[in-house]
Amino acid sequence: MKRPVSIVFWFLSAFLVAGLTTETPPEHAGVFARDAVAADHAEASRAGAEVLAAGGNAADAAAATMLALGVVNPASSGLGGGGFALYYCAKDGSLTFLDFRERAPRAATRTMFEVEGERPEGPASSPSQLGGLAAGVPGEPAGIEALVTRFGKLSLREVVAPALRLAEGGFIVSDALAAMGAAFGAQLRKDPVMATWELEPGATLRRPGLARVLHAFAEEGAAVIYGGFIGQEMVAAVEKHGGIMTLQDLYAYRVRVREPLETHAFGYRWVTAPPPSAGGFTMVQSLSILERVAGSTPAYGAPLLHAMAESWKGPFLDRQRYFGDPDQVILPLEKMSAPSRIAKRAELAADGEAHPSADYDIPVEWTQSRLTAPDNSGTSHLCVVDAEGNVASVTTTVNLPFGARFTGGGIVMNDEMDDFASGVGKANAFGLVGGARNLPGPWKRPVSTMSPTIVLQDGKPALCVGASGGSRIVTATQQVAMNILVHGMNASEAVSAPRIHHQGVPDALRVETVAPLDSALQDALRARGHQIETIHNVANVQAIQIERSPERRLHAASDPRKGGKPAGH
């Protein structure tokens with residue numbers, strides 16, 4: 001029997017970032033003088049800080065933190081997933097965006113998810129979410145190697161060491177991991193590796209199979225996965241679970257270097273993710289609309305929250321209609337970002353009333369909608385700032401909790417194929433409606449909402465920020481950034497504050513139960529015509545604010561919604 005998207009969405013809301021408390025634990029934030037790492041698990045933050053102390057820079061520490069996250073939080077990320085990294089190099093002031101997003105196998109087709117049989121029991125159980133067809137070609141091994149070789153100072157062996165120690169020696173299962181394990185337990189028990197995991201709060205979990213992979217990765221690099229013996233085991237597992245990934249798909253994987261998107265708003269330069277993420281575009285559009293509607297120094301309150309909700313509706317509709325893999329489709333970004341188009345949306349948002357999302361649908365005209373496909377061609381966020389001033393903002397994911405819920409070569413495999421449109425007009429697990437340009441295809445990268453962001457003031461980084469949480473990533477990232485930069489909150493306050501979310505479809509304004517918005521503000525938003533619904537949480541944000549005067553201080557915060565803790569010196 002098919003389960004409606006709303007039920008899957010409820011599971012994600014309740015368990016994707018579970019283990020929450022309405023009380024803010026004091027340890028979720030810290031102030032550091034030299035360097036800082038903010039991740040959604042304390043052990044991962046410590047791994048990054050250890051590498052910084054050993055002489056590594058922000059790139060080395062980001063890679064070490066990613067690897068550690070893959071060990072201690074396999075529900076969210078790992079070598080079987082992929083992501084994006086935005087890197088600021090203090091030496092020359094450059095900003096580089098690395099796209100190590102997963103790709104569809106070469107045998108993928110536009111119609112591969114149109115026909116469904118009987119679904120297995122449990123949440124998130126469609127063919128694009130569970131099993132071999134759900135798995136995209138992982139990009140994280142190549143992304144980690146690219147980050148270290150392009151920008152790092154240490155060897156891959158030194159960067160891998162903290163994660164390897166955690167995999168061999170074990171770590172304490174967090175409340176968040178235990179809650180996700182309970183939610184998906186029946187499915188995990190069908191995998192011979194995950195079935196051995198004791199996912200109870202406070203239990204010690206060791207991962208010898210992953211330790212074997214990390215040993216090989218440290219010595220041989222990403223090649224051991226992209227065609228080596230680990231890759232061969234991975235492909236065999238995918239085939240066993242009904243998938244279509246081949247060794248050729250692994251051999252052909254490449255990290256892409258892309259030009260980040262940016263805008264100037266509220267006195268800052270905001271630099272964020274380009275396509276295949278629609279998250280950065282949504283943030284840039286929203287900021288441009290908000291500054292027109294609310295002015296350069298908006299006060300926090302119902303008028304601003306209303307304008308913010310309205311500002312997201314149009315970009316989410318644009319995502320559905322226009323976005324796809326930039327290597328295979330033409331994205332009319334210039335026309336989508338035209339000042340006249342932004343002005344029309346700002347005019348609607350400024351009248352003080354909630355409008356149907358369709359009112360913000362302003363079509364653009366363009367030619368040549370496709371390129372020739374190239375012939376060779378549960379989520380975590382982390383922030384790192386090092387002593388030299390380098391900054392890494394990285395979002396990494398296996399998509400839904402525990403990805404496709406099977407392992408290959410000891411690695412939890414992603415279910416990133418669910419980020420493609422399973423059919424035009426069909427919604428994925430986060431309720432995002434699919435468009436034709438984001439249908440599966442050979443070696444395509446699915447559209448994402450991941451929004452790793454670095455905000456600069458007077459040419460220097462002022463904030464590193466990003467989030468995990470599916471479609472809610474960009475709205476949460478933007479709100480925390482504005483809390484710090486516009487509303488004057490410190491990082492701890494900013495990540496703990498209540499958040500809202502609107503994604504156009506469904507046409508509802510969501511507020512959190514874990515951090516409830518003030519009832520008077522909710523009443524004021526209802527009076528403006530917003531239909532308010534509750535959601536467990538609006539994503540999980542990690543942030544490092546860089547204070548330069550009167551002395552350099554790094555205010556780091558890990559979102560208490562997921563129980564993380566920053567580290568540094």
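Two strands are taken to pair if DSSP finds at least two bridges between them. Helices (H or I, at least four residues) and strands (E, at least two) are DSSP runs, numbered from the N terminus. The model is predicted, so local features need pLDDT of at least 70, side-chain atom pairs count only at pLDDT 80 or more, and totals for chains, interfaces and linings use all residues. Residues are numbered from 1 along each chain as its sequence is written, and side-chain values use heavy atoms, with hydrogens and water left out.

Strands β19 (residues 540-547) and β20 (residues 553-558) pair in the antiparallel sense over 6 bridges. Alanine 543 has alanine 557 of β20 as its bridge partner. An open sheet of 7 strands runs in the order β1-β20-β19-β15-β14-β9-β8, with antiparallel pairing. Its edge strands are β1 and β8 (261-265), each pairing on one side only.

Aspartate 35 sits in the loop between β1 (29-32) and β2 (36-38). Aspartate 35 counts as buried because its relative accessibility is 0%; buried means under 20% relative accessible area, exposed over 50%, partly exposed in between (1.4 Å probe, protein chains only). Its side chain makes polar contacts with the side chains of arginine 34 (2.5 Å) and histidine 569 (2.7 Å). A polar contact is a pair of N or O atoms within 3.5 Å; within protein, one must be able to donate a hydrogen and the other to accept it, and residues adjacent in sequence count only if both atoms are side-chain atoms.
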